Amino acid sequence: MTKSFAVTGFLKDYYIYLVLIVLVALLASANLDQFPLFERGNFLYKRNIINILRVSAPILVICGAFTLLMVSGYIDLSVGSAMSLSAVVYAMLALNGVPFLPAFALTVLVGVLLGAINGFLVVRMRITPVIATLITLSLYKGIALLLVEDGTSAIKSGGGLKMPGWFNSYGRSGALLDLPASVWVAIAVSLALIVIQKRGVLGKYAAATGGNPTAAKLSGIKTGRVVFGLYVLVGISAALAGIARSSFMSLGDPLSGDGMELTAILVVLLGGTAFSGGEGKVQRSFIGALIIMCLTIGMLTIVPAYTQTLVIGAALLLAAATNHLVSRKGGRK
C-alpha cells in the first residue's frame, strides 16, 4: 500500500514532465526515416526548437500569473484582449518614434491599468469574475480595433511612417543562445513567480484565498487586496505577451490575442491547477504551455491540416483526463 501511494505521489508530481518528454520523443521519431535526429526537418532541429520557443513566448509569460489567479479561485477572460490592446499600443508607440525602453515601459503601464480595471470590477464592484472580464474582453478588443486606422487591419509601416529597425528584435533576434529577449523575459517572469509562489506571501495568500476564502479572511488575510494584485499581475503579463507577439509579427494586430484566454485556461488546467482554486503550481503550467505549443507546431509537418485540431484536442483531452485521475487518486487517504 505504501509503495502504491509512493508511485501515485510520484506520478502526481511529475506526470506533466513525463508527458512532455514522451511527446517530444514521439514528434522527433515521427519522420526519423526521412529526417535524421537533430537535422533539418526533424522536430529536434535546433532552428525548429528556437522557433517554437519564439512563438510560445506570449503564453509562457502569461501562464504563471494566470495560474496564481486561478489558484486564488478567480479567472480573467479578458487576457487575450488585453494582450491585443497592448500589442497595438506598443506598435503605435514604436511607429511614432518612441524608443524601445520608453515604449516597453509605457505598454507595461497599460497592462497595469487594464489589470487594475478588472480588479476594481471584481473586488470593489463585486461583479462575478466571469461577467466582469467578459465585459472587459469586449471593451479592450473594441479599443484595440478603434486605435487601428480605418482601411487597415493592423498598426504597421505605411503612410510615410516606418517601423524602427529595433522593433522586431525583441521577439525575433537571438539575444542569448540564439533565443530572443522575449523568451528569456518569459522564463525570468516564470522563475520569479515560482519563487513567489513557494516562498512569497502573495503565493501563500493566493492559495489560502482559493482554498477557503472565509478562513483566509478570519486569519487576517486581506483577500481583496490579494485578488486585486493578482489581476494587476495578469495585466502586466498580458502586456508582456502583447509586446512579444507584436515584435514577432512586426506589427500591432488588434486580433493577435484572440483565443489566448482559452489557451491560458487549458494550459493551467493541464498543469493540474484546480478550476475551483486552492491548488496549482506555476512550473507545471509552464510545462503545460510547452506541451500545447509542441503539439500545435509539431503536428504541422506530421498530420494533414484538416485533422490537426482533432488530433491536438484528443491528445490534450487524454493528457488532462489522466492528470485528473492521477491527482484524484493521490488525494485519497
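This report describes the helices, salt bridges, surface patches and backbone angles of one predicted model.

## Overall architecture

The chain has 333 residues, and 47% of them count as buried. Its secondary structure consists of 13 helices and 0 strands. Reading along the sequence therefore gives the pattern α-α-α-α-α-α-α-α-α-α-α-α-α.

Helix H8 covers residues 201-211, and its buried residues include Gly-203, Ala-206, Thr-209 and Gly-210. Seen down the axis of H8, the buried residues fall within an arc of 130°, so they line one face of the helix. Val-201, Lys-204 and Gly-211 are exposed on the other side of H8.

An α-helix has 3.6 residues a turn, so residues three or four places apart point the same way.

## Salt bridges

How many salt bridges does the model contain? The count comes to 2.

Another salt bridge is formed by Asp-258 and Lys-141, whose closest N and O atoms are 3.4 Å apart. Asp-258 lies in the loop between helix H10 (223-249) and helix H11 (260-270), and Lys-141 lies in helix H5 (residues 129-147), so the pair ties together parts that are 117 residues apart in sequence. Asp-258 counts as partly exposed at 43% relative accessibility, and Lys-141 is partly exposed with a relative accessible area of 25%.

## Patches on the surface

Which residues gather in a patch of positive charge on the surface? They are Arg-124, Arg-126, Lys-217, Lys-222 and Arg-225. Of these, Lys-217 is placed in helix H9 (residues 213-218). Lys-217 has a relative accessible area of 53%, so it counts as exposed, the cut-off for this class being over 50%.

The surface also carries a nonpolar patch, formed by Tyr-14, Leu-18 and Ile-21, with about 300 Å² of accessible area together. Leu-18 is located in helix H1 (residues 2-29). Its relative accessible area is 35%, so Leu-18 is partly exposed.

## Positive phi angles in loops

Most residues other than glycine have a negative phi. Against this background, two residues discussed above deserve a second look.

Arg-126, a member of the positive patch, has a phi near 60°, a positive value in a residue other than glycine. Arg-126 is found in the loop between helix H4 (100-124) and H5. With a relative accessible area of 70%, Arg-126 is exposed.

Asp-178 is found in the loop between H6 and H7, and Asp-178 is partly exposed at 36% relative accessible area.

Key: Residues numbered from 1 in each chain as written. Predicted model: local features only at pLDDT ≥ 70, side-chain atom pairs only at ≥ 80, totals over all residues. Heavy atoms only, no water. Patch = residues over 30% accessible without salt bridge, like charges linked within 9 Å, V, L, I, M, F, W, Y side chains within 5 Å. Areas by Shrake-Rupley, 256 points an atom, 1.4 Å probe, with all protein chains shown as cover. Salt bridge = Lys/Arg side-chain N within 4 Å of Asp/Glu carboxyl O. Lys, Arg positive; Asp, Glu negative; His and termini not counted. Charge placed at Lys NZ, Arg CZ, Asp CG, Glu CD. Helix = DSSP H or I, 4+ residues; strand = E, 2+ residues; numbered from the N terminus. Buried < 20%, exposed > 50% of the residue type's maximum accessible area, 1.4 Å probe, protein only. Arc of directions from axis to C-beta.
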